[in-house]
Every structure is written in C-alpha cells, then in structure tokens.
Amino acid sequence: KRPFINKMGRLFGSSRYMSPEEFELGATIDQRSTVFTMGRTAVNLLSDGTLNHELFRGSSTRFEVIQKACQPNPEDRFQSLQDFVEAWNH
C-alpha cells in the first residue's frame with residue numbers, strides 16, 4: 001500500500017520478474033518496482049524473456065511501453081501503475 005525499505009537484501013520471488021532494487025539492501029520498493037514486475041511479466045508472455053524486438057509478439061507501441069517499464073533505474077520507469085496501464089492501453 002505504500003513504499004517500504006528493502007531490509008533483506010534479496011527479496012523473495014523469481015529473479016526473472018524482480019526489479020533491481022529487490023536485490024539491494026536499503027533500496028526503496030514502491031510502485032515503480034511493481035511496474036518493472038509487470039513489464040517483465042509481459043516480456044515473458046509476449047516474447048522469449050528478452051527485450052529482443054524481433055522476437056516480441058506485440059505492437060511496437062507496446063514494446064516501447066515494456067522497454068520503459070523494464071529500465072534498471074526506477075527513475076526511468078513509469079512512476080506509477082496507473083501510468084503504466086494508461087500507456088499500455090493507449
């Protein structure tokens with residue numbers, strides 16, 4: 001419901017869906033972390049698990065949304081799930 005600080009280091013979960021901050025002790029986990037997870041989920045459902053545009057089975061617009069959602073730096077991602085969903089549905 002609100003951001004929290006990663007006090008474990010590596011959090012629980014499948015590494016293929018986890019944001020970089022979920023591995024970093026002291027990092028803030030917030031909506032941008034969830035945006036990353038949603039982007040990685042789309043990559044795994046619509047591609048081979050990589051950000052290879054040639055293998056992506058979706059529109060170029062959606063590929064751009066996924067690329068932004070999967071940026072390593074949280075500041076470079078969509079800043080909220082609402083922003084991600086709006087871009088995805090546009």
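Biologist: Quick check first: helices are DSSP runs of H or I with at least four residues, strands are DSSP runs of E with at least two, and both are numbered from the N terminus. So where is Ser-47 found?

Modeller: Ser-47 is found in the loop between H1 and H2. Before we go on, this is a predicted model: local features need pLDDT of at least 70, side-chain atom pairs count only at pLDDT 80 or more, and totals for chains, interfaces and linings use all residues. Residues are numbered from 1 along each chain as its sequence is written, and side-chain values use heavy atoms, with hydrogens and water left out.

Biologist: Got it. Is Ser-47 buried or exposed?

Modeller: Ser-47 has a relative accessible area of 7%, so it counts as buried. Buried means under 20% relative accessible area, exposed means over 50%, and partly exposed is in between, with a 1.4 Å probe and protein chains only.

Biologist: What does the side chain of Ser-47 make a polar contact with?

Modeller: The side chain of Asp-48, at 3.3 Å. The Ser-47 side chain also reaches the backbone oxygen of Thr-50, at 3.3 Å. A polar contact is a pair of N or O atoms within 3.5 Å; within protein, one must be able to donate a hydrogen and the other to accept it, and residues adjacent in sequence count only if both atoms are side-chain atoms.

Biologist: And which residues does Ser-47 touch?

Modeller: Not counting residues up to four places away in sequence, Ser-47 touches Ala-42, Asn-52, Leu-55, Phe-56 and Arg-57. Contact means heavy atoms within 4.5 Å.

Biologist: Let's zoom out. How many helices and strands are in the protein chain?

Modeller: Three helices and two strands. From the N terminus on, the order is β-β-α-α-α.

Biologist: What box do the C-alpha atoms fill?

Modeller: Roughly 40 × 25 × 20 Å, along the principal axes. Of the 90 residues, 36% count as buried.

Biologist: Now the core. How many residues does the largest nonpolar core have?

Modeller: It has 13 residues, and Ile-66, Phe-78, Phe-84 and Trp-88 have the most contacts inside it. Helix H1 (31–46), helix H2 (60–69) and helix H3 (81–89) each supply at least two residues of this core. A nonpolar core is a set of buried Ala, Val, Leu, Ile, Met, Phe, Trp, Tyr and Cys residues joined through side-chain atoms within 4.5 Å.

Biologist: Why call Phe-78 buried?

Modeller: Because its relative accessibility is 10%. Phe-84 is buried too, at 6%. In general, nonpolar side chains tend to be buried together in soluble globular proteins.

Biologist: How many aromatic pairs does the count come to?

Modeller: Three. In one of them, Phe-78 and Phe-84 are edge-to-face, 5.9 Å centre to centre with 75° between the planes. Rings of Phe, Tyr and Trp (its six-membered ring) pair if their centres lie within 6.5 Å; planes under 30 degrees apart count as stacked, over 60 as edge-to-face and the rest as tilted. Ring pairs link Phe-78, Phe-84 and Trp-88 into a cluster.

Biologist: What else does Phe-78 touch?

Modeller: Leaving out residues up to four places away in sequence, the list for Phe-78 includes Arg-32, Val-35, Val-65 and Lys-68.

Biologist: Switching to the glutamates. Is Glu-21 buried or exposed?

Modeller: Buried, with a relative accessible area of 4%. Glu-21 lies in the loop between E1 and E2.

Biologist: What does the Glu-21 side chain make a polar contact with?

Modeller: The side chain of Arg-77, at 2.7 Å.

Biologist: And where does Glu-24 lie?

Modeller: In the loop between strand E1 (4–5) and strand E2 (28–29). Glu-24 is partly exposed, with a relative accessible area of 45%. Not counting residues up to four places away in sequence, Glu-24 touches Asn-6 and Gly-9.

Biologist: How many residues apart in sequence are Glu-24 and Gln-71?

Modeller: They are 47 apart in sequence and 16 Å apart in space, C-alpha to C-alpha.

Biologist: Last one. Where is Gln-71 found?

Modeller: In the loop between H2 and H3. Gln-71 counts as partly exposed, at 28% relative accessibility. Its side chain reaches the backbone oxygen of Gln-67 at 2.9 Å. Leaving aside neighbours within four places in sequence, Gln-71 is in contact with Phe-36, Asp-76 and Arg-77.
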